[in-house]
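Visitor: Hi, could you walk me through this protein? I'm new to reading structures.
Guide: Happy to, let's bring it up.

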Amino acid sequence: MDFSARHAWDGSPEYDSAPLALHPIDLSVVVPLYREEENVDFAVSELLQVLDSMPQSAEVILVDDGSPDATGAMALAWHERDPRVRVIQFRRNFGQTAAISAGFRHARGEVVVLMDGDQQNDPHDLPKLLAKMDEGYDVVSGWRKDRKDKLLLRKIPSRMANRLISRITGTELHDYGCTLKAYHTDVVQHLHLYGELHRFIPALAGLAGARVAEIPVNHRPRTRGSSKYGISRTVRVLLDLLTVKFLLKYLARPMQFFGLLGLMSFVLGFCSLAGLLIEKAVAGVGLAERPLLILSVLLVILGVQFLSMGLLGELLTRIYHEVGQRPPYVIRRTAGIDADLDMDPVAALSGAGANPAGIEDEELPARELRGRGGRLRPVG
């Protein structure tokens, strides 16, 4: 894509109300943050220096995922220093996938780049990602070819997982776990992400027909803070991989999955029952103590249940496509963001997205969103 042909964003107010499809700026860099108070200042400062050296107009979206430390306050301070920095702060920790989803939703650039806030991703790789996108790709994924992770036990499961994910999804990448990736905004703006699906975004984009490429990027050792990733994350990733496989193959046709299982179970059970009845009628063999009778009845019941699940899946698919989804996060406050009331219905019902007691939070130089009767109320 030719960035030079685009009109650079000059921060004029009229762009705030422009449709997202117009892409008022060239590049949005989304940085999810969680307990990174030791890295925020260094990471944002380095990123802005790199963006200053690039010809593209750019913005930085810092998404504080409900950090209990000073991460959110430091992010808001950067917005006060530089209007290119925009901030989204969650009420509680919703996870990296939700943070990335919020960044995608509010990005105004033609290209969105994801990168971690721990300084392990090198912002000097941004021009390389954009240059690869100029070749006509919709997604360019970073490949940490020379990883600087200290623990060997983290590298081996990661390599195995990358091979498994590539084989199951059909999108061949060496490093699904690398956050540093560039996406065309139109590809990811309306993705509904949950669980640990953020690492499968290239595969989900490929489902929509996106062209995916991969390039080696620099990976730096963590020098401040501690990693937020543990071995328990592997189990969640494997479970979400099953979800992705189902989405890739049966999202629009769940009846073909559950219906096939249901028909196989029903036919097998019915044939077994028929054989038992014939044997009873011809040879007079008793059925009361035959384990096969119980198994046959069970198979018929399972067949009916699977068929019913297929019909319900078809109904939910229609609702999904016709009604749409709500984002899986609740925003506490924003800075430089004109946000709608993004609220998870479950979180709202539990009180996480509202303030039923009417208690006012501390006023900050930012826009705070409150869920009261589906309305927005700016504070301060």
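**A chat about the fold**

Guide: Leaving aside neighbours within four places in sequence, Val 244 is in contact with Thr 169, Leu 197 and Phe 200; contact means heavy atoms within 4.5 Å. This is a predicted model, where local features need pLDDT of at least 70, side-chain atom pairs count only at pLDDT 80 or more, and totals for chains, interfaces and linings use all residues. Residues are numbered from 1 along each chain as its sequence is written, and side-chain values use heavy atoms, with hydrogens and water left out.

Visitor: How far apart are Val 244 and Phe 200 in sequence and in space?
Guide: They are 44 residues apart in sequence and 7.5 Å apart in space, C-alpha to C-alpha.

Visitor: Is Val 244 buried or exposed?
Guide: Val 244 is buried, with a relative accessible area of 0%. Buried means under 20% relative accessible area, exposed over 50%, and partly exposed in between (1.4 Å probe, protein chains only).

Visitor: And which helix does Val 244 lie in?
Guide: Val 244 belongs to helix H8, residues 232-250. Helices (H or I, at least four residues) and strands (E, at least two) are DSSP runs, numbered from the N terminus.

Visitor: How many helices and strands are there in the protein?
Guide: The protein has 11 helices and nine strands.

Visitor: Let's switch to H4. Which residues are buried there?
Guide: In helix H4 (residues 126-133), the buried ones are Leu 126, Leu 129, Leu 130 and Met 133. They cover an arc of only 95° around the axis, so they are on the same side of H4. The arc is that of the directions from the helix axis to the C-beta atoms.

Visitor: What covers the buried residues of H4?
Guide: The cover includes helix H1 (40-52) and several strands, among them E1 (25-33), E4 (109-114) and E5 (139-143).

Visitor: New topic: how many disulfides does a search of the whole structure find?
Guide: The search finds zero disulfides, a disulfide being a pair of cysteine sulfur atoms within 2.5 Å.

Visitor: Last one: what share of the residues in the protein is buried?
Guide: Buried residues make up 47% of the 380 residues.
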